[in-house]
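This briefing turns to aromatic contacts and to a piece of the nonpolar surface. Please keep the sequence and the structure in view while reading.

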Amino acid sequence: MTEHDTGVRIPLTPDEELLGADRPTIESLHTDAERLERMRADLEMGFRALEGTSGVSVFGSARVGPNEPDYALGRAVGAALGRAGFSVITGGGPGLMEAANRGARDAGARSIGLNIELPFEQFANRYLDLSLTFRYFFARKVCFVRYATGFVVLPGGFGTLDELFEALVLIQTGKVRHFPVVLVGRHHWGPLWDWVGDRLVSGGYVSPEELELVTLCDEPEDAVERLVSGARAQGLAPEAA
Ligand SMILES: CC(C)=CCNc1ncnc2c1ncn2[C@@H]1O[C@H](COP(=O)(O)O)[C@@H](O)[C@H]1O
């Protein structure tokens, strides 16, 4: 199909069906009443399956291979979190999501993947004890926050940045409190955080105190220490802490 083709397309995912509902080029497959019911069902599926879970959500690139140094870092982070008694929750996909789930498995901790329906074929990674597939991105995002006491953010691209900045906005606007956000891998995150300081703080877009919402580190154990103290502040210490 070309850019100028005005034929009507069948949406490839529920998100595309919802977001394209008012465009003549996307075929509507549901009424709003049906969409609302499907959103409710998506949230209900997550709430039921994750009831009682109190873990750490770990984000990171879908594109890093098992032989790359960041994969080893992600696996070590998953294992350190697992040893501290946290369940490890990821997007359930390949790359650094897989690395963190694999690390959780190494430590004998509960390993959870919150997958999303994508327009291309994709597989959940092999290291999951619980694998859920959400229809809607927003429902999945609610679960990443609700069932975690903090976020670990490994190196990544747009998806990872989206998850990082969503957490920062939730904290900044008082929607979640005492919620640690730990960026692991200074080689990746250092330049971004320098830019936040140089441009956003200097320009008055972000306050200097808001820079403190994030912890940067290289060592999995440093990340875990911050997550344990955050969990305690929320009244939810992990089992082994
Ligand atoms: C190879 C490929 C693109 C597979 C996509 N498969 C995916 N499966 C599950 N979650 C994903 C996927 N892609 C992106 N995400 C989400 O976005 C983040 C990674 O995006 P990125 O690669 O940094 O931008 C992950 O933390 C995850 O929550």
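In which helix is V142 found? In this predicted model, V142 belongs to helix 5, which covers residues 137–146.

**Surface patch and a charge over a ring**
- V142 counts as partly exposed because its relative accessibility is 36%, a value that falls between the 20% limit for buried and the 50% limit for exposed residues.
- Together with F47 and F138, V142 makes a nonpolar surface patch of about 220 Å².
- The ring of F47 also has the charged end of R146 sitting over it, at 4.6 Å from the ring centre.

**Aromatic pairs**
- The count of aromatic pairs comes to four, and one of them is formed by F59 and F144, whose rings are edge-to-face, with 4.9 Å from centre to centre and 80° between the planes.
- This pair links distant parts of the chain, since F59 is in strand 1 (residues 55–59) and F144 is in helix 5, 85 residues apart.
- F59 also pairs with F151, and because the ring planes stand at 75°, with the centres 4.7 Å apart, this pair is edge-to-face as well.
- With F59 in strand 1 and F151 in strand 5 (residues 148–153), the pair ties together parts of the chain that are 92 residues apart in sequence.

**Cluster and burial**
- One aromatic cluster is formed by F59, F144, F151 and F179.
- Both F59 and F144 are buried, the relative accessible area of F59 being 3%, and F151 likewise counts as buried, at 1% relative accessibility.

Conventions. Residues are numbered from 1 along each chain as its sequence is written. This is a predicted model: local features need pLDDT of at least 70, side-chain atom pairs count only at pLDDT 80 or more; totals for chains, interfaces and linings use all residues. Side-chain values use heavy atoms; hydrogens and water are left out. Patches are made of residues with over 30% relative accessible area and no salt bridge: like charges are joined within 9 Å, nonpolar side chains (Val, Leu, Ile, Met, Phe, Trp, Tyr) within 5 Å. Accessible areas come from the Shrake-Rupley method with a 1.4 Å probe; for residues, only the protein chains shown count as cover. A salt bridge is a side-chain nitrogen of Lys or Arg within 4 Å of a carboxyl oxygen of Asp or Glu. Helices (H or I, at least four residues) and strands (E, at least two) are DSSP runs, numbered from the N terminus. Buried means under 20% relative accessible area, exposed over 50%, partly exposed in between (1.4 Å probe, protein chains only). Rings of Phe, Tyr and Trp (its six-membered ring) pair if their centres lie within 6.5 Å; planes under 30 degrees apart count as stacked, over 60 as edge-to-face and the rest as tilted. A charge sits over a ring if NZ of Lys or CZ of Arg is within 6 Å of the ring centre and within 35 degrees of the ring normal.
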